Amino acid sequence: MSVASFQHIAEIEKSPGYWAGVMRRFRRDPVAMIALFVVLALILMAVFAPLVAPADPYRASMLRRLRPIGTEGFPLGTDELGRDMLSRLIHGGRLSLLMGVTPVFIAFFIGSAIGITAGYLGGKVNSVLMRTIDVFFAFPSVLLAIALSGALGAGIFNGLLSLTVVFIPPIARIAESVTTAVRRIEYVEAARASGASSFTIVRVHVLGNVIGPVFVYATGLISVSLILASGLSFLGLGVKPPEPEWGLMLNTLRNAIYVQPWVAALPGLMIFITSISFNLLSDGLRSAMDIKS
Amino acid sequence: MTIESAALLQVNDLTKHFPLSGGFFGRSAGVVRAVDSISFEVAPGETLGIVGESGCGKSTTARLLVNLIEPDSGQVILEGKRVGADMSVRDMRRHMQMVFQDSYASLNPRLTMEDSIAFGPNVNGMARQKALALAHDLLFRVGLEPRRFAGRYPHELSGGQRQRVNIARALAFSPKIVILDEAVSALDKSVEAQVLNLLADLKKELALTYIFISHDLNVVRHMSDRVMVMYLGQVAEIGPVDSLYSSPAHPYTRALLAAMPSMDPDKRTMEAPLAGDPPNPINPPPGCRFHTRCKFAQDVCAKEQPVLHILPHAGHMAACHAHIPHSGHSGLEARA
Amino acid sequence: MLKYIAERILYTLPVAFGVSIVCFMLVHIAPGDPLTSILPPDASAQLQEEMRRIYGFDRPLPVQYGLWVLKVVQGDFGTSIATGRPVAMELGRALGNTLMLAVLATMIGFLFGGLFGFVAGYFRDSWVDRIASLISIVGVSVPHYWLGMVLVIIFSVQLNWLPATGAGPGGSADWVWDWAHVRHLILPAITMSVIPMGIVARTVRALVADILSQEFITGLRAKGLLDVGVFRHVVKNTAPTALAVMGLQLGYLLGGSILIETVFSWPGTGFLLGQAIFQRDLPLLQGAILTLAMIFVALNLLVDIVQSLLDPRVQRS
C-alpha cells in the first residue's frame, strides 16, 4: 500500500471512553453517590481505626459492664465485659469488611478465570468445568459456607476459605454465560480471522466486554458475603474472641438483650448499614454501566 | 475453461455438517447439512457473487473459506497451495479477509476505530505506532477523515461509516481476496450505493478479488462477473453474470429471478415466484433437493441427485436433470 | 413431556453424586485425623489402631466412600458423638420443625413479596414503586439473624407479647397446634419470611412491568380498559416464574435456617447443625448437610418439572 502516511496521531480527536461515560452516569445518581460515600467512610474508618477510636477496644472492666447508650465517656455504652462499644464497633469494621469483601474479591478472579475459560473454549472443557460448578451450586449458599467452615473449624483463614468457595460458582456461571454470548459476536470472529491467538483475543476482545457485567454482579455479592461472614462469627465460626468483629459481638451480646437491648443490637445495625450501602452501590453501578440507558 | 489453470482460489468438495445436539447427554440427534460438497473457482481480479435464500449455506461457505469454521472435508486451494497443508491457516488469512453483515456487532464496542483496524497488523508483528499509522491511511482510503474518526467508538458512528471501518480493517493485511458476507444488506439504499461504489473503487485501485455474498439479486448483478446460486448447501447453478441472468438454466434460478423486483415492466416474466420455505436442511429431500418446490419435477428428480453439467454457454453450469441428456427428464420446455 | 422429565432426572443424578462426594469429604477436610473427634485425647496407640480399623479409616478413600454411601441409602447416617443416638433419628425429629417453620415463612414472604412486587410493577416509577423497592432492598440487605434479635427485643423484651425462644411452653418437645405453641412460631417465621420477600418482590416487579409494557396491554391501558382480564393475564404469566422462585426459596430456607434457629433456639435442623459445629460432632454435621443438600437438589428438580408442566415454553430453553 503506497499512500502518504498520516503522522498526526497527536491531533486525533479522542472520544471519551466507555468508563468515562459510566462515571458520568454514576455521578448523576444521588442514591449511588450516597452509598459510595458511606462505603468509603466505612473503609476509612476501618483503616484508621486506631486513630479514630476514642478508647482501647480490648480494655475490659468488670465495674462498668453493659452501660446504656449515652453514658459519659462511652457514647454507645459498654459491652458485657465493660469494653467501649464505640471503639469496638470502629475496630470491628476491620475484620467484618475484610471477611466480607476478600472472599468476593478472590472469587471474582478465580470464578472469572473458570467462567471465561469454559465459555471461550466451550465443548468438553466447558462441560467438565460447569458440571463441577453445578455440584457446588446444588448447596444453598448458607449451608455450603457453614458445612465447609464447620468441618474446617473456627478461624479467620478457614472462614475466608469457605466463603471464597461459596462465591466462586455463581461468579463462574455468570462469567461463562456472558463469555459464551460474547464469543459468538462477530467482532470475535473478525479477530479470529485476523490470525490472533486465543489468548490475545480473550485479552483484547473478550475480557473487556465480559469483566464489566461480572464485576457488577460480584459487587452485588459483597452484601451477601458480609452477612454470611458475620453470620459465621455469630455461630462461633470465623473470628474468635476477643477480636472485635460485628457478627461475633452480636453473638457475645445476645444474652445482654434483657439488660441493654439497644446496645446489644448495635453491631447488627453496622452490618445492615454496610450491607445496604454495598447493595445500593452495586445497583447504581449496574444502571450506570447499562449502555442503553 | 480458461480460468481453471489460472484460478486464484479453488474450492473442492467443501463440506460442513453441523451435529444437532440434544437427547440424553448431548447424543447427536442428527446433522444439519449446511454445506454439502461444493466446488468452485475464483479467478484473480474477478468478483464472484453468491446468491440464495437464507439458510442455503452462503454464510457458512464464507466462514469455511477463512477457516472460522473447520470444514469436515474438502480442500481450499489458494494460489495453488492447499490451505492446512502447503499453506498455514494463518498465512491464508493474510490473503483472504472477510467483512460481516452486522456492522455494529463486527466492532468491539470497547475499542476505538484505529485500535480495531490496527489490531490485526499488530498481532501479526507490526509495531503499534506503525499499525496505527496504517489504520489512519486505511480510514482515509475508505473515505473517513482519520482526524475525526480514528478516536471514535462504534456507537458514535452510522451504519455506513462502521461498515467502511470494517472494510478498512479487512484491507489492513493487503489481502488478495475479500469476502463480503451480506456486507451492504443492512444498510439504507442510499448508503448501500455509496459503499458499493467504494468497494468498486478499492477493487480497481488495489487489484482485489471479491467474493460477494448477498440475497439481493440486483446488487449481485451490479457487482459480479460471475454468479453462483446455492440451494440447501449445494451449488444449483454457476455462470457468467450476463449468461446466468439472461438465460437461467436451473428452475430455482429462474424462480429467484422471477421473484426479483424489476423496474422495467417489459422484463417481468410471467413465471410464478417461489412458493413456501426451503425444506429443512436437517433432512434434505432425496434426489434433487429442489424437487419438492420445482414445477418441472419428474420421477428422476426424486431419485437421483443431479451433478453440475456444462451448458452450451461458456463457463455456465447447472445441476438439473432437465439439462442432462439421457437423465430420464424430458426437459424444461415439455410442460412450460 | 415425559422425555423432558426423564432428562431432568438423569441430569440430576450426577449432581447428586457430586453432592454426596462433597459431603463425604467434609469429614476428611476437617483438620487432624477424623478419629480425634471420636476418641479421648489420651487414647493409646493400640486403641487408635483398633478404632481406625473398626471405622474403616484404614481403607482407601474410594472404598470408604462406597461403604458410606451403601449405609446412607439404607438410612444409616452413623451415630452422633454428642448424644450417642443415631444421626437419622436426631435429624428426623428436627426436620419436621424446620419444615414447618420454612413453609410458613415462605408463604408469608411470598404473600407480601408478591403484593409489594405487583403494586410496584403496576404503578412503576410512582411513589408506591419507590417504597416497595425500598422495602425489597432492605429485605435483601438486612442480616436476618439481627432482625430476629431486634424483633425479640421489641416483642419479647419490651412489650412482652411473644416468647423469645423455644418451640413450646417449658421446652416441651412435641408440637401441638394450640396458641401456647403457635405463639413461639410467630417471630421466627416473620424473621425468616424477610429472606424470600425481597427476592420475590424484585422478581414479581420485573415480570409485571415487563408484561404491562407489552403493546396490546399498553393499548388497553390507554383506553382506560384495565379490567379483570388484564389482571388475569398478568397473574397467569407471572405465576410459573413466581412459583419457581418460591420453590427455590423454600429450599434455601430449609438449608439456611441455621442462623435464625440459633437466634430463637428453634429445635430444627439448623439448631442441630449449630450444636454439631459447637461440639465438633462430625457424623451429625455430615448427616445434616447431606440431608439438607439432597432436599435442595430434589426441590430444584421438582420445581423444574412442575414449571415445565405449567409452562411448556420452559422445556425449550
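**Chain B sheet and the A–B contact**

In chain B, strand E1 (residues 9-19) pairs with strand E4 (residues 73-78) in the antiparallel sense, over five bridges. The model is predicted. E1 and E4 belong to an open sheet of four strands in chain B, ordered E2-E1-E4-E5, with antiparallel pairing. Chain A also contacts chain B: 29 residues of chain A meet 35 residues of chain B.

**Strand pairing in chain B**
- E1(B) and E2(B) are antiparallel partners over eight bridges.
- In this pair, B:Phe18 stands opposite B:Val32 of E2(B).
- On the E4(B) side, B:Asn12 stands opposite B:Gln75.
- E4(B) is joined to strand E5 (residues 81-82) of chain B by two bridges, and the two run antiparallel.
- Here B:Ile77 faces B:Arg82 of E5(B) as its opposite residue.
- The hairpin of E4(B) and E5(B) has two residues between its strands, and B:Glu79 takes a positive phi near 50°.

**Chain A side of the contact**
- Helix H8 (186-193) and helix H9 (198-234) of chain A are the elements that give two or more residues to the side touching chain B.
- H8(A) gives the largest share, seven residues.
- By class, this side of chain A has 13 nonpolar, 10 polar and six charged residues.

Technical notes:
Residues numbered from 1 in each chain as written. Chains lettered and ligands numbered in written order. Predicted model: local features only at pLDDT ≥ 70, side-chain atom pairs only at ≥ 80, totals over all residues. Contact = placed C-beta atoms within 7 Å. Nonpolar A, V, L, I, M, F, W, Y, C, P; charged D, E, K, R; others polar. Pairing = 2+ DSSP bridges.
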